[in-house]
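Subject: Handing over the structure

Dear colleague,

Please read them with the model open beside you.

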Amino acid sequence: MSQHIESTYAIGDLQGCLESLNSLLTKLPEDCRLLFIGDLVNRGPQSLATLRRVKELAENGRARVVLGNHDLHLLACAAGHGKPSRKDTIGEILDASDRDELIDWLRGQPLLIDTPNMVFVHAGIPPTWSLKRAKRLAKEAHDKLSGPKWKRYLKHMYGNDVYYAGIRGGARRRAIFNGLTRMRFIDSNGLLEFACKGGPNAAPEGLLPWFELPRKVNKTICFGHWSLAGLQSSNNTVCIDTGALWGNKLTALNIETMELVQEDCPMWADPKHFG
Ligand SMILES: [Mn+2]
């Protein structure tokens, strides 16, 4: 007898848009599983309540999460490295009574989830990385973040380092974070470029969206992070960040059938200002 298996929906970047999430969930099957593609918080209106909600869904066994760059930024601030900027909306989390539970839960989440048909990661997988390398580096960062020395690991998190064999120390962790959670454009030498925040069609001279380069990973990569790439499936990738934050849509993708369910969202920020 075949067992009933609940369907799974991957959900795009929330960035604190709790009402949009709640509305979207009413359109999905009640028993479905959820997989959040990262950037649960920041820039949007309800970062604290959103984080509490996703944590609750995860602890009820209904949701899984991969970490995004904004989630890592929150963890770095919680670790005492850096402060929220003027546009950030994570201050309410840092001030919350349940801050420690929220932060400890968040830092225990992975940077990559691999399934038989698809691999899930916030920004993508650099074209020169094999799936084995991506999983090994994601696990390395996850082990550090979920371990006792996590605060030290998040020191000096920002910098444009790119992975190479033998890379060590701060450059190594930055290369992992950059490759999995920040990457958009890439040059012909495989170097990542972070200054340009336009859409894929706004590529500066000599740069291409990472997903247009020949790649070592054969499996479909589902990612978020690049709302100006919008909902698109090209070259065996699918981007599900569709700009919930800036008045476009929050997207759920059924990862077995590729059915899409979307929610129209109010505008909270200018798309050029979210990084
Ligand atoms: Mn992001």
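I begin with a strand pair: Phe185 has Pro209 as its bridge partner in E8. These two residues belong to a pairing in which strand E6 (residues 185-187) and E8 run antiparallel and are joined over 3 bridges. Here and below, helices (H or I, at least four residues) and strands (E, at least two) are DSSP runs, numbered from the N terminus, and two strands pair if DSSP finds at least two bridges between them.

Before going further, please keep in mind that this is a predicted model, in which local features need pLDDT of at least 70 and side-chain atom pairs count only at pLDDT 80 or more, while totals for chains, interfaces and linings use all residues. Residues are numbered from 1 along each chain as its sequence is written.

A second open sheet has 5 strands in the order E4-E5-E9-E11-E10, and its pairing is mixed. Its edge strands, each pairing on one side only, are strand E4 (112-114) and strand E10 (232-234). On average, neighbouring strands of this sheet are turned by 15° against each other, direction ignored. Within the sheet, strand E5 (residues 118-121) pairs with E9 in the parallel sense over 3 bridges, and Phe120 stands opposite Cys222 in E9. Strand E9 (residues 220-223) in turn pairs with strand E11 (residues 237-239), again in the parallel sense and over 3 bridges; the bridge partner of Cys222 in E11 is Val238, and Phe223 stands opposite Cys239.

Together with helix H1 (residues 18-26), E1 and E2 make a right-handed β-α-β unit, where right-handed says that, with the strands pointing away from the viewer, the path from the first strand over the helix to the second runs clockwise. E2 is also joined by 3 bridges to strand E3 (residues 63-65), and these two run parallel. The chain passes from E2 through helix H2 (residues 47-59) to E3 in a β-α-β crossover that is likewise right-handed.

Finally, there is a helix pair to look at. The axes (lines fitted to C-alpha atoms, for helices over the stretch in contact, with angles from 0 to 180 degrees between N-to-C directions) of helix H3 (residues 69-78) and helix H5 (residues 99-107) come within 10 Å and cross at roughly 130°. That makes H3 oblique to H5, since angles under 35 degrees count as roughly parallel, over 145 as roughly antiparallel, 65 to 115 as roughly perpendicular and the rest as oblique. The contact (C-beta atoms, placed from the backbone, within 7 Å) is made by Asp71, Leu75 and Ala78 of H3 and Ile103, Leu106 and Arg107 of H5.

How values were computed. Two residues are in contact if their C-beta atoms, placed from the backbone, lie within 7 Å.
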